Amino acid sequence: MIARCSVKYAGRLESRLDEATRLIMVKADGCVAIHADGGAYKPLNWMNAPNVLTETEREWVVTNPKGETLTITLHEVLLDTSHELGEDPGLSKDGVEAHLQELLAALPDAIEDGLTLIRREHPTAIGPVDLLCRDREGRTVAIEVKRRGEIDGVEQLARYLEYLSKDSSLGEVRGIFVAQVIKPQAKTLATTRGLACVEVDYDTLRGRKPDELTLF
Amino acid sequence: MKFRSEREQLAEALGLASRIASGRVGALPALSGVRLQVKGDVLHLTSTDNDMTLQATLPVGGDRDGVSLISAKLLNDIVRSLPEGKITLEATAESLAVKSGRSQFTVPTYNALDFPNVTPSAGAPFSVPAGEFGEALRQVVRAASGDQMRIALTGVLLTGEEGSLRLVATDSYRLAVRDVTSIVIAASTKVLIPSRALSEVQRLLSGATEAAISLDDNSVTFDVGGTKLTTRILTNEYPNYKNLLSGTYPNAITTGRDALLDALRRARILAKDQGPVRLAMTGNGLKLTAGTKDNDEFEEDLDGVYSGTDITIAFNSDYLAAGIDAIPTDDVIIKTIDPARPAVITASGDTDSEYLYLLMPQRI
């Protein structure tokens, strides 16, 4: 609905939106959001589902189980329409970790010269290691791939290394934390844990074709 | 600090310094600066991005000794904007005044203490003829990679080979090797130098007669007429390129260098997005084609003396043109094995053993 409206919220605190023209969205799951004509995603006010919407001619009252209320007073309704949108396929992000991992599995030397892939998604009891590789000296290398390199990714790799070090068949195992961008705090933590950090460029990786003829 | 200088001389030195200074004004703004130090009638200019450092001197009219650190790009832009003639630069604690005629700029400076200590390589210098070394760089640096994910390939290998200097560069699609037999160097010498630094050295060498090279474990310094460019040495392992030099090539065509370059320039109009140019070599000579029959097509016949079996082979047109352009003689020789194995481009005549350009074909 597009309407000239005023809104009052009563609950943990009280807030008020004075009369103005706004977009009021009532979603199929019950969420209600009041938007101004600006901002990408954040409503001026909202009430998450589950809740109960009570309609009268001039007023909507949305009440949630905690007793909080959002009262929308409709001064003038400019558009009132309803559409079934159906099931959404979800957001498909270009460059998600899976694709980055796939590219790096095909081109492990993009991480480090001389690196060869042993296995992708190497299973362990605490979860799969993204890439298990062998370096030029024959050492096993565990690689954790993230789109954004943050502290939790470093911790994850450290846990894998601790686990893999118990497997004597792998010999000495070292770790490389790979991401498009690695935060300074994550780099510092990785250094402390003895892990290498490598930032990779997704577009460059995509531009390289594994079937190109090369000298090396 | 206060000194006077001719605009032209100062602009030339600052142009060089501003290319070396870091373009990123991030955590260390001082790295985007040029350090100016006046001692008597000599101006010492230093700029660095922490990987590569330039140290140059310039005779000036020194009025007051001192040091100042200012954005290299800003000062370069200012000096270049001024008319021919004398320029006076005078630094106070926090600013630098640049005066010329009736124009005056006053710009803030960085804290000179923030500028890193820079020292040239500690190795014993050996001299090289500037012209020959510069030509070798021209032929080889072009084949180095710009791919920062394969750091080793962004370098040029400077090594001793049978008592003389060898330069090697590759981006994994092509390999350029130049032996400079007139430059004697220890066989044990083997350093990997960032190609970006060597591009700057190539500029410095223009017009010079001699240069000195100093090497230590971490860095290399090129001294050209008192201007010193120091760069760190890359420690990454270089691929074993020598395996690629021992191939035998049953097919060879000798053709005119300039005519082939001209034809390639035309072919590249249709060989879009670094698409391939196809070379059909037969007893009748060389036919260049590019594009596709379905859409647009280029075709040109060139004279050539061919020996071997007929072959059609495709190359990245830019890489092929770069290889042909590097050849200094009137004729070039293109040697092939088959359409999927590397081809070799060399000069014709006596010098053909000193330079070769190995080029991987593209799938047709």
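This is a predicted model: local features need pLDDT of at least 70, side-chain atom pairs count only at pLDDT 80 or more; totals for chains, interfaces and linings use all residues.
Chain B has 364 residues, of which 53% count as buried. Its secondary structure comes to 6 helices and 26 strands. Take the contacts in chain B with a separation of 6 or more: residues 24 or more positions apart account for 66% of them.

Now turn to chain A. Chain A has 216 residues, and buried residues make up 40% of them. Here there are 4 helices and 12 strands. Chain A exposes about 12900 Å². Carbon and sulfur atoms supply 50% of that surface. Among contacts in chain A with a separation of 6 or more, 45% are between residues 24 or more positions apart.

Next, the strands of chain B. Strand E24 of chain B covers residues 331–336 and pairs with strand E18, residues 251–256. The pairing is antiparallel and runs over 6 bridges. Asn251(B) stands opposite Thr336(B) of E24(B). E24(B) also pairs with strand E25 of chain B, residues 343–347. That pairing is antiparallel too, over 4 bridges. Within it, Ile333(B) has Thr346(B) in E25(B) as its bridge partner. E24(B) and E25(B) form a hairpin, with 6 residues between the two strands.

Charged side chains come next. Over all chains, the count is 44 salt bridges. Which parts of chain B does the pair Arg7(B) and Glu84(B) tie together? Their side chains meet in a salt bridge, 3.3 Å from N to O. Arg7(B) lies in helix H1 of chain B, residues 7–20. Glu84(B) lies in the loop between helix H2 (72–81) and strand E7 (86–91) of chain B, so the pair ties together parts that are 77 residues apart in sequence. The two ends of this bridge have contrasting surroundings. Arg7(B) has 14% relative accessibility; buried means under 20%, so Arg7(B) counts as buried. Glu84(B), at 58%, is over the 50% limit and therefore counts as exposed.

Is the next pair in chain B buried or exposed? Arg166(B) forms a salt bridge with Glu161(B), and the closest N and O atoms are 3.9 Å apart. The cut-off for a salt bridge is 4 Å, so this pair falls within it. Arg166(B) is buried, at 9% relative accessibility. Glu161(B) is buried as well, with a relative accessible area of 18%.

Arg148(A) and Glu150(A) meet through their side chains in a salt bridge, 3.6 Å from N to O. Arg148(A) is exposed, with a relative accessible area of 53%. Glu150(A) is at 29% and counts as partly exposed.

Some salt bridges join into a network. In chain B, one such network links Glu135(B), Arg138(B), Arg142(B), Arg257(B), Asp258(B) and Asp325(B). To find it in the model, look for Arg138(B) and Arg142(B), which are among its members. Then look for Arg257(B) and Asp258(B), which also belong to this network.

Conventions:
Residues are numbered from 1 along each chain as its sequence is written. Chains are lettered from A and ligands numbered from 1 in the order in which they are written. Side-chain values use heavy atoms; hydrogens and water are left out. Buried means under 20% relative accessible area, exposed over 50%, partly exposed in between (1.4 Å probe, protein chains only). Two strands pair if DSSP finds at least two bridges between them. Contact means heavy atoms within 4.5 Å. Accessible areas come from the Shrake-Rupley method with a 1.4 Å probe; for residues, only the protein chains shown count as cover.
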